[in-house]
Amino acid sequence: MAIQRVTFEGGTGAELAARLDMLQDQPHAICLFAHCFTCGKDIAAATRIARGLVDAGYGVLRFDFTGLGHSEGEFASTNFSSNVEDLLAAAAWLREHHAAPGLLVGHSLGGAAVLAAAPRIDECRAVATIGAPSEPSHVEHLFGPHTPEIESRGEVSLELAGRPFTIRNQFLEDIRATNLRNRLGQLGRALMVMHSPVDSTVGIDNAEEIYVAAQHPKSFVSLDRADHMLSNKEDAEFAASVLGAWAARYVSSD
C-alpha cells in the first residue's frame, strides 16, 4: 500500500494535514473520509475503515479538520460550516492531484458534514454515514448545562472526550442555523446509512430521520452491537467491507 502524507489549505486558510492511502494499482475510485467531532484522521475507526476500503481497491484520503490533530488553525474559530468548507478543499486537492472523490464517508458529525458537502462535489456519486446525527445541532447536548454560559460569555472551555476545547457562541449559532434534513431530498447521490441500534451517543432515531428524508437509491445497514466509536475492530472491518461492496455499484475510476 502506498501512503502519501500531504497538506492543503482548508476552508479557513489553515494548512490541513492529510494522508492518502491506496494500492499501487489504479483504484476503483477515491474516497474522502470525514472524522467525528473533536476526533482526528488517525482514530482507530477511521484507520480500520480506510484500510478496509483500500484493500477493496479504493484510494482513501482522510484529514484532520481545522484546529484538530496535526492540522493548523484554531478549533475555537471553527464550526459545522467550516468543516464543510474543509471537505470541499480536500475534494479540490484530490481533483487537482489525483481524481475527485466519487465516494464520501463520514463518521458521526463528519457524516452530517459529508451530506452537506456532497451536492457541491459534482463527481461524487455515493455518500455513506456512520453513526451520524440527522442535524448538526445534535452535538449541542454534549455541552450540557454549559450552553447558557457559552451564550452569555461568548465562549467556554469544556472537556470533551477527555480533552479541553473552547466552544464559542458562533459555533452554537452555526449548528442551529443549519437545517440538513430539508436538503436531503435533493442529495442526488446514492446513500448508505450505517448506525448501531445501541448507539448511546447518537440515537438510532437519527438514522431513521436521515433515511426517510432522502430519496432512493438509499440503503440502511444496522451495525448490531457496535458502540458509537466502532471501538471493536470487527465492527469497523464489517462497516468497511459493506461500504466497499455497496459503493462499487455507483463509483468507478472512469
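User: Is the crossing of helix 2 past helix 3 left-handed or right-handed?
Analyst: This is a predicted model, where local features need pLDDT of at least 70, side-chain atom pairs count only at pLDDT 80 or more, and totals for chains, interfaces and linings use all residues. Residues are numbered from 1 along each chain as its sequence is written, and side-chain values use heavy atoms, without hydrogens or water. A crossing is left-handed if the near helix is turned anticlockwise from the far one by less than a right angle, and right-handed if clockwise. For helix 2 passing helix 3, the crossing is right-handed.

User: At what angle do helix 2 and helix 3 pack?
Analyst: Helices (H or I, at least four residues) and strands (E, at least two) are DSSP runs, numbered from the N terminus. Axes are lines fitted to C-alpha atoms, for helices over the stretch in contact, with angles from 0 to 180 degrees between N-to-C directions. The two axes lie 9 Å apart, and the angle is about 65°.

User: How many nonpolar residues are in the contact of helix 2 with helix 3?
Analyst: F80, N83, V84, L87 and L88 of helix 2 meet L109, A112, A113, V114, A116 and A117 of helix 3, where contact means heavy atoms within 4.5 Å. Ala, Val, Leu, Ile, Met, Phe, Trp, Tyr, Cys and Pro count as nonpolar, Asp, Glu, Lys and Arg as charged, and the others, Gly among them, as polar. There is one polar residue and no charged one, and the nonpolar count is 10.

User: How many residues of helix 3 are buried?
Analyst: Buried means under 20% relative accessible area, exposed over 50%, and partly exposed in between (1.4 Å probe, protein chains only). Among the buried residues of helix 3 are G110, G111 and L115. Helix 3 (residues 109-117) is largely enclosed by the rest of the structure because its buried residues number nine of nine.

User: Is helix 1 parallel or oblique to helix 8?
Analyst: The axes of helix 1 (residues 44-55) and helix 8 (residues 233-247) come within 8 Å and cross at roughly 40°. Angles under 35 degrees count as roughly parallel, over 145 as roughly antiparallel, 65 to 115 as roughly perpendicular, and the rest as oblique. That makes helix 1, relative to helix 8, oblique.

User: How far apart are the ring centres of F37 and F75?
Analyst: Rings of Phe, Tyr and Trp (its six-membered ring) pair if their centres lie within 6.5 Å; planes under 30 degrees apart count as stacked, over 60 as edge-to-face and the rest as tilted. Both F37 and F75 are buried. Their planes are at 45°, so the pair is tilted, and the centres are apart by 6.1 Å.
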